Amino acid sequence: MEPLSVEVRERVAIVRFNNALDRQETITAFDAAIREYAEVEAMILDLRNTPSGGNTDVARGIIGHFVREARPYQVHEIPAVVRSTTVPRRFVEYVLPRAPF
């Protein structure tokens with residue numbers, strides 16, 4: 001099954017992810033869709049068929065097309081570090097812009 005499919009209705013592209021947010025080829029497929037449907041007025045990302053979830057690389061690959069500067073994406077905390085050292089560890093992951101926007 002393809003990682004995503006696109007349908008255009010009245011200058012709106014509807015991108016349906018086919019339970020593929022954990023597959024690296026989804027990044028390439030979304031990059032191609034962004035280029036192919038660059039002239040639409042709006043884009044809807046349909047995430048209803050993603051019961052397996054995904055991974056941060058794919059998410060950042062998609063979200064990067066919708067930001068023009070580095071933006072906070074996710075806050076990570078490592079409970080095991082606190083348990084073993086009593087020193088908390090927290091860091092912020094950023095999404096970076098990816099052309100085309």
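Asp31 is placed in helix H1 of a predicted model, for which local features need pLDDT of at least 70, side-chain atom pairs count only at pLDDT 80 or more, and totals for chains, interfaces and linings use all residues. Residues are numbered from 1 along each chain as its sequence is written, and side-chain values use heavy atoms, with hydrogens and water left out. Helices (H or I, at least four residues) and strands (E, at least two) are DSSP runs numbered from the N terminus. Asp31 counts as buried, at 12% relative accessibility; buried means under 20% relative accessible area, exposed over 50%, and partly exposed in between (1.4 Å probe, protein chains only). Not counting residues up to four places away in sequence, Asp31 touches Gly61, His65 and Arg98, where contact means heavy atoms within 4.5 Å.

The largest nonpolar core has twelve residues: Leu4, Ala13, Val15, Phe17, Leu21, Ile27, Phe30, Ala33, Ile34, Tyr37, Val58 and Ile62. Such a core is a set of buried Ala, Val, Leu, Ile, Met, Phe, Trp, Tyr and Cys residues joined through side-chain atoms within 4.5 Å. At least two residues of this core come from each of strand E2 (12–17), H1 and H2, and H1 gives the most, with four residues. Ala33 is in contact with Leu4 and Val6, leaving aside neighbours within four places in sequence.

Two aromatic pairs are present in the structure. Rings of Phe, Tyr and Trp (its six-membered ring) pair if their centres lie within 6.5 Å; planes under 30 degrees apart count as stacked, over 60 as edge-to-face and the rest as tilted. The pair of Phe30 and Phe66 is tilted, because the ring centres are 6.2 Å apart and the planes stand at 45°. Phe30 lies in helix H1 (residues 25–36) and Phe66 in the loop between helix H2 (56–63) and strand E4 (71–77), so the pair ties together parts that are 36 residues apart in sequence. Phe30 is buried, with a relative accessible area of 0%, whereas Phe66 is partly exposed at 46% relative accessibility. Together with Phe17, Phe30 and Phe66 form one aromatic cluster.

Leu96, in the segment after strand E5 (90–95), counts as exposed at 52% relative accessibility.
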